[in-house]
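Hi everyone, thanks for making time. I'd like to walk you through one model today, so let me put it up.

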Amino acid sequence: MHLFCDVALAVPLDMVFTYAIPPGMEPVVGGRVLVPFRQQRLSGIVVELHDRPPQVKTKKVIEALDLSPVLDEQLLKLGKWISDYYLAPIGEVFRTMLPLSAEFKRSIAYRITDEGRMALHLAGMSGSPARSKRTPEQQLVEFRVLDYLAERESGREESLRGATGVAKALLAGMVRKKWIAREDVSAARDAARLAKVAALVGAEERAKASPPETGQAPSLQRDVAPALNGRGACPSTTTSKKLNENQRTLIEALAAFGGRARVETLRELDVPRTTLSTLVRRGLIELVDEPQGFTASKLKPRQSFDFELSAAQKEAFHNISEAVASRKFAGLLLHGITGSGKTAVYLACMREVLEQGRSSILLVPEIGLTPAVAADLHQVFGDEVAILHSGLSDAERAEQWHRIRRGEARVVAGTRSAVFAPVSDLALIIVDEEQDSSYKQEETPRYHARDVAVMRAKMAEAVVVLGSATPSLESYYNAKKNKYALIELPDRVEKRPLPEVEIVDMRQEFQETGQEQVISRKLAEEIRERLEKKEQVMVLLNRRGYSPVVLCRACGRTLQCKNCAVSMTHHKREHKMECHYCGHVEHIPEKCAHCGSEYVYFVGTGSEKLEELLHGMFPQARIGRLDRDTVRGREDFEHALNALNEGALDMLVGTQMIAKGHDIHGVTLVGVIGADMALGLPDFRAAERTFQLLTQVAGRAGRGQSPGTVVLQTYFQEHYAVQFAARHDFAGFYEKELQFRAWMHYPPYNAIANVLIRSEKLDDALTWSGELGRWFEKTRHEGIRVLGPAAAPITRLKRDYRYHFILKSASREKMNALLRAMLAEAAARKIPRTQVIVDVDAVWLM
Ligand SMILES: [Zn+2]
Ligand SMILES: [Zn+2]
């Protein structure tokens with residue numbers, strides 16, 4: 001038995017806190033405890049049990065919440081590594097790793113015991129329990145509590161106290177007398193988290209018995225008739241004739257959903273509420289409680305995975321599978337060009353791992369986990385797959401987490417935080433599109449899920465596969481250095497050719513036409529040609545809104561956000577000005593706010609204006625738009641793509657969203673407008689990002705039978721990112737870019753960190769960054785370059801004034817030691833920890 005425990009609390013302080021363990025309480029390392037902390041009760045993770053009395057007087061643990069660890073030894077170790085590597089407070093790291101915030105808001109419930117029932121029974125007979133120390137009023141309240149609980153399985157403390165007026169002390173006394181039992185209502189057991197689902201009776205058995213048919217939703221004829229006839233045991237010998245119109249509508253809808261749907265969903269149908277209950281009574285539909293997991297997709301899977309792999313895919317599969325069999329850590333970089341079939345390789349590997357009874361995790365970028373991908377996964381892995389994404393509520397996330405931990409789901413797919421899934425016997429982690437910036441968390445802890453995946457695989461002696469058509473420079477460099485084995489998928493499936501890329505020099509276009517063009521003559525002509533041939537077109541403009549700048553012709557000022565030092569963007573359809581950084585919205589100005597002039601102009605083109613321009617040029621074409629204004633959730637995203645896939649659209653316009661790995665066969669032309677905008681940003685990754693975006697979007701063309709063409713409009717024709725992307729020359733780009741990084745001491749040759757000092761008060765931001773600047777100057781830091789303090793490229797963001805330092809070093813250990821010392825100095829100077837942001841391996845330097 002230990003006397004003390006060290007607890008990591010989710011507060012912005014770089015330390016753990018020591019608490020005394022009351023006699024009889026047995027907290028566990030990796031389990032949660034409830035502790036007092038500055039007038040609050042917080043739950044935290046126990047990181048150590050010990051007998052070393054601390055210097056100061058300790059408070060006592062209030063309650064041990066877990067009997068066994070919620071973070072196993074390996075995840076605890078991983079959390080400590082993250083805290084150390086990214087200089088993040090350990091408690092905040094654990095909070096990120098555990099999606100159990102729903103449970104942190106614990107609630108207490110009470111249940112009546114057999115003794116309690118007996119007491120209630122006796123009280124009912126004699127009027128009052130014998131020999132009680134309580135006052136008559138208290139006895140009456142006790143009676144009310146027992147009466148209340150006798151009618152239900154359990155009652156939450158709040159409702160119980162509300163209904164009976166019972167005091168806490170009295171409740172505690174009743175628990176001691178064993179009349180009632182106290183229990184935690186953890187979110188996992190919370191009935192509110194179950195969804196009522198309606199199911200056609202008998203539909204499931206038939207689905208299992210008969211082979212699935214081409215992924216189509218079951219038709220009414222096939223499905224409902226047997227549902228009615230198959231109900232032989234039903235005494236009322238129902239036939240379809242007896243269904244009224246409302247009942248038929250409801251059953252048809254249910255059949256169209258594949259035989260199961262949430263009651264909530266069915267409520268949207270235009271039938272009276274009683275219809276459902278009538279059908280339930282007649283035994284045609286049953287209601288079941290189901291955990292609110294990922295809503296099964298209503299969309300048909302894109303293709304069936306029969307694992308007919310090509311020779312190159314097979315080789316990749318064997319390489320990965322051998323590495324898995326060795327049960328040692330291995331890192332593999334799967335470089336497969338766009339359209340080469342990486343997903344089939346992933347699924348084959350994961351299926352093999354599952355057959356061996358081991359676990360795998362598939363990480364996908366934020367937008368990558370569409371309902372169609374989820375449907376594919378469900379098709380291959382059935383109930384063995386748990387899907388984690390940002391659209392889940394806290395409670396749904398917690399439910400998935402518990403399923404994984406109980407070992408019910410050994411295949412996990414999800415975005416960034418799925419890397420922390422509590423699987424056991426981890427064999428394989430796959431990071432799809434490993435270069436995607438959505439893997440980097442832009443709040444504390446600022447971890448990169450790809451790098452955490454590599455570390456977790458190392459700790460678990462597992463295999464990590466980083467997949468991409470355009471690997472990050474870091475990963476490619478590691479492969480060149482033989483830290484990762486490189487697997488190539490050099491060809492598209494069925495040997496389809498890569499699209500031809502034609503560069504249009506927009507400076508020349510300007511000279512020849514005498515005006516600034518959005519769409520060049522070449523692109524316009526190509527579009528017209530495709531539309532005539534009934535082929536499809538995608539046009540990328542990586543900037544949403546109508547016009548990005550509002551300019552006053554009289555005084556030359558632009559309309560800036562009041563919270564950020566950036567221009568407000570004009571959104572025409574929604575009649576507003578919006579800041580794309582903080583979301584601030586304003587009316588469209590009629591006059592200049594500075595000089596009152598009426599000569600305000602809207603300058604530049606965003607995706608909304610591009611769509612309008614194309615409508616004007618091609619009035620017959622059916623044009624859709626895909627950007628953050630038109631896409632609110634994954635379903636919108638998928639609907640737009642489906643519309644294109646099914647030929648309901650001729651053209652899709654959008655931001656980088658259209659560039660992500662979807663597979664639309666009808667697209668033969670991709671137009672790229674202003675793809676080089678990023679090249680003008682003060683960010684050393686600008687060339688890499690541009691190359692990746694161009695390669696990705698070009699990869700959307702010619703994935704079907706007809707070959708594709710890309711028209712790339714640029715003002716930076718000579719830039720190597722543009723040139724190499726046009727030639728599909730991956731290796732060429734990487735050699736050139738690596739040279740640049742080496743000269744400039746940037747990653748992958750050096751580690752970098754961005755230290756941001758921010759405050760709503762300009763004075764504070766200036767003073768603090770000045771103090772830390774002087775401290776850096778007089779502190780020895782051999783082998784570490786410190787640049788700054790300087791105003792950040794975006795000098796004000798979300799009301800904060802921002803100054804920053806950039807640190808570069810060949811030695812990560814030295815750099816982190818200096819950063820740690822800097823944080824200690826900042827703490828000593830009473831600079832709030834939340835105003836000093838340390839971003840190790842920063843991907844966003846603005
Ligand atoms: Zn003005
Ligand atoms: Zn703003």
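Before the metal sites, a word on donors: these are N, O and S atoms within 2.8 Å of the metal (3.2 Å for Na, K and Ca), and water is not among the atoms, so sites may look incomplete. With that in hand, the donors of the zinc ion (ligand 2) follow the spacing C-x2-C-x14-C-x2-C along the chain. For the strand and helix labels, I'm using DSSP runs numbered from the N terminus: helices are H or I with at least four residues, strands are E with at least two.

Now the housekeeping. This is a predicted model, where local features need pLDDT of at least 70 and side-chain atom pairs count only at pLDDT 80 or more, while totals for chains, interfaces and linings use all residues. Residues are numbered from 1 along each chain as its sequence is written, chains are lettered from A and ligands numbered from 1 in the order in which they are written, and side-chain values use heavy atoms, with hydrogens and water left out.

Back to that zinc. The protein donors of ligand 2 are C561 (SG), C564 (SG), C579 (SG) and C582 (SG), lying 2.2 to 2.3 Å from the ion. The angles among these four donor atoms are 101 to 115 degrees, and the site is tetrahedral; for four donors, that label asks for all angles to lie between 85 and 135 degrees. Are C564 and C579 buried or exposed? Buried: C564 has 2% relative accessibility and C579 has 0%. The cut-offs there are under 20% relative accessible area for buried and over 50% for exposed, with partly exposed in between (1.4 Å probe, protein chains only).

And the zinc ion we call ligand 1? Which residues hold its donor atoms? C552 (SG), C555 (SG), C592 (SG) and C595 (SG), at 2.3 to 2.4 Å. Along the sequence these donor residues are spaced C-x2-C-x36-C-x2-C. This site is tetrahedral too, with angles of 106 to 115 degrees among its four donor atoms. C552 counts as buried at 2% relative accessibility, whereas C555 is partly exposed, with a relative accessible area of 32%.

Okay, zooming out for a second. The chain has 27 helices and 33 strands, and buried residues make up 53% of its 846 residues. Take the contacts with a separation of 6 or more: 75% of them are between residues 24 or more positions apart. Contact here means heavy atoms within 4.5 Å.

Let's go to the start of the chain. There's an open sheet of five strands in the order β2-β1-β4-β3-β5, with antiparallel pairing. β2 (17-20) and β5 (63-64) stand at the edges, each with a single partner strand, so one side of each has no neighbour in the sheet. Strand β1 (residues 4-9) and β2 run antiparallel and are joined by four bridges; to call two strands paired, DSSP has to find at least two bridges between them. E92 lies in α2 and counts as buried, at 10% relative accessibility. Not counting residues up to four places away in sequence, E92 touches L9, A10, V11, P12, T444 and P445.

There's another buried glutamate, E611, in helix α21 (residues 607-617), with a relative accessible area of 8%. Leaving aside neighbours within four places in sequence, E611 is in contact with R573, I623, R625 and V653.

Last stop, strand β30 (residues 751-759). Eight of its nine residues are buried. Which strands does β30 pair with? Nine bridges join β30 to β32 (residues 800-809), running antiparallel, and five bridges pair β30 with β33 (residues 836-840), also in the antiparallel sense. I757 shows both: its bridge partner in β32 is Y803, and in β33 I757 stands opposite V836.

Conventions: Four donors count as tetrahedral if all angles lie between 85 and 135 degrees; four count as square planar and six as octahedral if opposite donors are over 155 degrees apart and all others between 65 and 115; anything else is irregular.
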